[in-house]
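Subject: Structure handover

Hello,

Please find the structure below, with the sequence. My notes on what was found follow it.

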Amino acid sequence: MKKQWMFVLGLAVATVGGVQAQTSPAANSGRDQSSTTTNAPTTGVSTNADLAASAALSSDHSTLLQALQAASLTDMAQKGGPYTVFAPTNAAFAKIDAATLESLMQPANRQQLSQLLAYHVVRGRYTSATLKNNQTLTTVQGGKLTVKKEGNTLAITDAAGNTSTVNMGDITATNGIVHSVDTVLMPGALSTGAK
């Protein structure tokens with residue numbers, strides 16, 4: 001079962017890349033592509049396909065895809081869901097101490113890495129509109145996340161008290177929702193030496 005949702009996480013991240021690649025240059029004009037945190041995240045994009053059919057590489061989520069490969073979870077081909085995935089960007093992973101991140105990617109730490117990735121997945125379909133301020137979400141890893149909403153800003157607070165802001169939300173596939181986030185969410189028992 002854990003491998004099933006990890007495959008969904010990998011494909012959901014790839015879906016983010018596929019959706020970004022399908023956006024026309026005109027739709028991106030005037031938007032700073034290097035920014036990972038905004039007060040009004042891009043929302044409401046649909047792939048019109050399940051997560052498997054929507055898979056594509058995302059240059060903004062390549063570290064997450066490397067983590068999925070290191071955890072040996074990208075080859076699973078089962079469908080599942082619906083799931084809501086909070087997908088950290090490369091900039092989010094860059095906030096983690098490099099030595100810690102490198103250690104997590106080692107085969108000996110595969111289980112710890114799997115737990116970290118599982119902390120970003122919630123069963124159910126939660127759009128920005130259905131998420132409520134101070135709502136508690138239980139991850140497939142078993143941890144808790146707290147939703148923070150203020151105006152157009154949607155953020156998630158992890159067990160360690162760190163806040164991750166959604167920079168692209170409501171990317172929908174037939175079996176899930178993806179929210180791209182600017183900080184890696186941390187289960188309480190995992191220390192990452194964040195910068």
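Of the contacts in the chain between residues at least 6 apart in sequence, 71% join residues at least 24 apart. Please keep in mind that this is a predicted model.

The chain has 195 residues, and buried ones make up 48% of them. Its exposed surface comes to about 8800 Å², with carbon and sulfur atoms supplying 50% of that area.

Secondary structure

There are six helices and seven strands in the chain. Read from the N terminus, their order is α-α-α-β-α-α-α-β-β-β-β-β-β.

Nonpolar cores

The largest nonpolar core contains 20 residues. Within this core, the residues with the most contacts are Phe93, Ile96, Leu113, Leu116, Leu117 and Val184. At least two core residues come from each of helix 3 (62-70), strand 1 (83-88), helix 4 (90-94), helix 5 (98-104), helix 6 (110-118) and strand 6 (163-173). Helix 3 gives the largest share, five residues. There is also a second, separate core, made of twelve residues, including Tyr119, Val122, Leu137 and Val166.

Helix 3 against helix 6

These two helices pack with their axes 9 Å apart, at an angle of about 135°. An angle over 145 degrees would count as roughly antiparallel and one from 65 to 115 as roughly perpendicular; helix 3 and helix 6 are therefore oblique to each other. The crossing of helix 3 and helix 6 is left-handed. On the helix 3 side, the residues that meet helix 6 are Leu64, Ala67, Leu68 and Ala70. Their counterparts in helix 6 are Arg110, Leu113 and Leu117.

Apart from neighbours within four places in sequence, alanine 67 is in contact with Met105, Leu113 and Leu117. Alanine 67 and leucine 117 are 50 residues apart along the chain, while their C-alpha atoms are separated by 8.1 Å.

Leucine 101 belongs to helix 5. With a relative accessible area of 15%, leucine 101 is buried, because the cut-off for that label is under 20%. Leaving out residues up to four places away in sequence, leucine 101 touches Thr63, Phe93 and Ile96. Of these, Phe93 and Ile96 are also among the residues with the most contacts inside the largest core. Leucine 101 lies 38 residues from threonine 63 in sequence, and the two are 9.9 Å apart in space, C-alpha to C-alpha.

Alanine 87 sits in strand 1. This residue is buried as well, at a relative accessible area of 0%. Between the C-alpha atoms of alanine 87 and aspartate 182 there are 8.5 Å, although the two residues are 95 apart along the chain.

Two loop positions

Asparagine 134 is found in the loop between strand 2 (121-123) and strand 3. Its phi is near 70°, which is a positive value in a residue other than glycine. At a relative accessibility of 48%, asparagine 134 counts as partly exposed.

Glycine 142 is in the loop between strand 3 (136-138) and strand 4 (144-150). Is glycine 142 buried or exposed? Its relative accessible area is 51%, and glycine 142 is therefore exposed, given that the label needs over 50%. Valine 121 is 21 residues from glycine 142 in sequence and 9.9 Å from it in space, C-alpha to C-alpha.

Regards

Note on methods:
Residues are numbered from 1 along each chain as its sequence is written. This is a predicted model: local features need pLDDT of at least 70, side-chain atom pairs count only at pLDDT 80 or more; totals for chains, interfaces and linings use all residues. Side-chain values use heavy atoms; hydrogens and water are left out. A nonpolar core is a set of buried Ala, Val, Leu, Ile, Met, Phe, Trp, Tyr and Cys residues joined through side-chain atoms within 4.5 Å. Buried means under 20% relative accessible area, exposed over 50%, partly exposed in between (1.4 Å probe, protein chains only). Helices (H or I, at least four residues) and strands (E, at least two) are DSSP runs, numbered from the N terminus. Contact means heavy atoms within 4.5 Å. Accessible areas come from the Shrake-Rupley method with a 1.4 Å probe; for residues, only the protein chains shown count as cover. Axes are lines fitted to C-alpha atoms, for helices over the stretch in contact, and angles run from 0 to 180 degrees between N-to-C directions. Angles under 35 degrees count as roughly parallel, over 145 as roughly antiparallel, 65 to 115 as roughly perpendicular and the rest as oblique. A crossing is left-handed if the near helix is turned anticlockwise from the far one by less than a right angle, and right-handed if clockwise.
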